[in-house]
Amino acid sequence: MNGTTSTVSIWKQPAQVWAVAFASVVAFMGIGLVDPILPAIADSLQASPTQTELLFTSYLLVTGVAMLFTSWISSRIGAKATLMIGLALIVAFALACALSGSVDAIIGFRAGWGLGNALFISTALATIVGSASGGSGAAIVLYEAALGLGIAIGPLLGGLLGEVSWRGPFFGVVALMAIAFIAILTLLRGPQERRQPVPFSAPFKALRRPALAILAVTALFYNIGFFVLLAFSPFPLGFGAMGIGFTFFGWGVALAITSVWVAPWMMRRMRRTTVIMTVLPLLAVDLIVAGFVAEIAPALVTCIIVGGLLLGVMNTVLTEAVMEATDLPRSVASSAYSAVRFIGGAIAPPVAALLWHAFNSTVPYLFAAASVLVATLTIFLGRKVLAHIDDEPADAVIEDAEAITVGDAG
C-alpha cells in the first residue's frame, strides 16, 4: 500500500492467503449489498424508510459491540476457528434474512449477521499478514484490494440480484460465504498459532488512553457522515435496484482507489493529522452540496462518488493513526476503536430517515456534514495529544495496520 513496501509478489501467494482474501471480499460485499434493495424491501414488506434503515443499525450496532470481545475470543480459540465461526454465522443469518417475511425479522437476523462479520473481519487481516509471502506490505496491499473490491461489488451484485427479488442478494451471500467457509476449512493451515490470551477488560481499558479515545470519538462522528451517504442516499436517488447498484459500484471503486494509492501518497508528504483535518472539511462540503442537490439525481450521484474518494483517504489514514496512537496490542487497539466507530454507523441511518420524514431530503445530509465537522474539531482540539502519531513516516507502521477498516468501510 505504501511506496516502500514490496508489491512484486502480491499475486504469488499461498492458497490459504487467497482463501482468506476471497472470504474478505465477500464479507465486505455484505456491507453494501442491501443498499440497492432498501426501497424494494420497504415496498415489498410495507416498511417505512426508518424501519428499513434499521437493517444497517442492527448489523452495525451488534458488530460494534461484538468487536469489544473478538480479541478475547480469538486469542483463546485461534484465528481459523474464529474465522469459521464468523462465516458460519453469516451463512446462517443471511439465509434467515432471505427466508423472512417481515422487516422486523430481517432486522433481527441482520444483527446476527453483524456478530458473524465482527468475528470474521477482526481476524482476517492478521491471518493474511501471518501467511502471506512478500512481507507484510504485500499482505496489506492484498487486503486493501479485497476491501475495495468487496465494497465496490456488493452494491452491484445487490442491484443485479435485487432486480429479480429483494431476497436475491441474501441468497447470493449464502452461496458465496458457504464457498468461503469450505475454502478456509480446507486451505487455511500452517504452523500452530502462539496464543496469548487477551484479558476481557483490555478494550475497555484501552479507551482510557487519551490518544485512542480522541481517534475513536473522531471516527464515531466521521462514520455518521459515511453511513448517511451510504445508507440514506438510495431513497432520494429514486433509482431502481440496478441504478442504485451502479451508483454505489462507482462509489466503491472511488473509495478503493484512494484507499490503496492516494492515501499513502498523501501521508508521505503530509502529517497524518494534517491529512485528516484537510479531508474531513472537504467531506463536510461534499455532504452539504449533496443536501442541496438531493432532488437532482445526476448531481447527487456525483456527490456520492466524490464522497467515496474522500472516504477512502480517511479510512486508511485513521487506520494507521490508531495503530500509531498507543503501544497496545493491535487486536486490542483495533477492537476498542472499531466498537466506538460502529456506534456512529448504527446511529446514522435511522436518524437520517427520521430527519427526511420530518423535514426534507436536504436535512439528513446537513446533519451528516455537522457530524463530520465535529470530528474535525475533535482532531483539532486533540492535536497536541496526537502529536506523536506524526513523528514517524507512514512506512514505519504500515505493517501494523489492523483490520479496523471494517467500519471504515464500514
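**Reading the fold**

Tutor: Residues 24 or more positions apart account for 87% of the chain's contacts with a separation of 6 or more, where contact means heavy atoms within 4.5 Å. This is a predicted model, in which local features need pLDDT of at least 70 and side-chain atom pairs count only at pLDDT 80 or more, while totals for chains, interfaces and linings use all residues. Residues are numbered from 1 along each chain as its sequence is written, and side-chain values use heavy atoms, with hydrogens and water left out.

Student: How many helices and strands does the chain have?

Tutor: Helices (H or I, at least four residues) and strands (E, at least two) are DSSP runs, numbered from the N terminus. Here the chain has 15 helices and zero strands.

Student: What percentage of the residues count as buried?

Tutor: Buried means under 20% relative accessible area, exposed over 50%, and partly exposed in between, with a 1.4 Å probe and protein chains only. Of the 410 residues of the chain, 61% count as buried. The chain exposes about 14,500 Å², and carbon and sulfur atoms supply 69% of that area; accessible areas come from the Shrake-Rupley method with a 1.4 Å probe, and for residues only the protein chains shown count as cover.

Student: Which residues have the most contacts inside the largest nonpolar core?

Tutor: A nonpolar core is a set of buried Ala, Val, Leu, Ile, Met, Phe, Trp, Tyr and Cys residues joined through side-chain atoms within 4.5 Å. The largest one has 125 residues, and Phe170, Ile184 and Trp251 have the most contacts inside it. Helix H9 gives the most to this core, with 16 residues.

Student: Which residues does Thr82 touch?

Tutor: Thr82 lies in helix H4 (residues 79-99) and is buried, at a relative accessible area of 1%. Not counting residues up to four places away in sequence, Thr82 touches Ser74, Ile77, Leu119 and Thr123.

Student: Where is Thr57 placed?

Tutor: Thr57 is in helix H3 and, at 12% relative accessibility, counts as buried. Beyond residues up to four places away in sequence, Thr57 touches Ala346, Pro349 and Pro350.

Student: Which residues make the nonpolar surface patch?

Tutor: Patches are made of residues with over 30% relative accessible area and no salt bridge; like charges are joined within 9 Å, and nonpolar side chains (Val, Leu, Ile, Met, Phe, Trp, Tyr) within 5 Å. In this model Leu61, Val65, Ile343 and Ile347 make a patch of about 290 Å². Helix H3 (49-77) and H14 each supply at least two of its residues. Val65, in helix H3, is partly exposed at 43% relative accessibility.

Student: Which side chains meet in a salt bridge?

Tutor: A salt bridge is a side-chain nitrogen of Lys or Arg within 4 Å of a carboxyl oxygen of Asp or Glu. The structure holds one, in which the side chains of Asp327 and Arg209 meet (3.0 Å, N to O). Asp327 lies in the loop between helices H13 (297-325) and H14 (330-358), and Arg209 in the loop between helices H8 (202-206) and H9 (210-232), so the pair ties together parts 118 residues apart in sequence. Asp327 is exposed, at 66%, whereas Arg209 is partly exposed, at 32%.

Student: How many disulfides does the structure hold?

Tutor: A disulfide is a covalent bond between the sulfur atoms of two cysteines. The criterion is a pair of cysteine sulfur atoms within 2.5 Å, and the structure holds zero disulfides. Cys97 is buried, with a relative accessible area of 0%, and Cys303 is buried at 6%.
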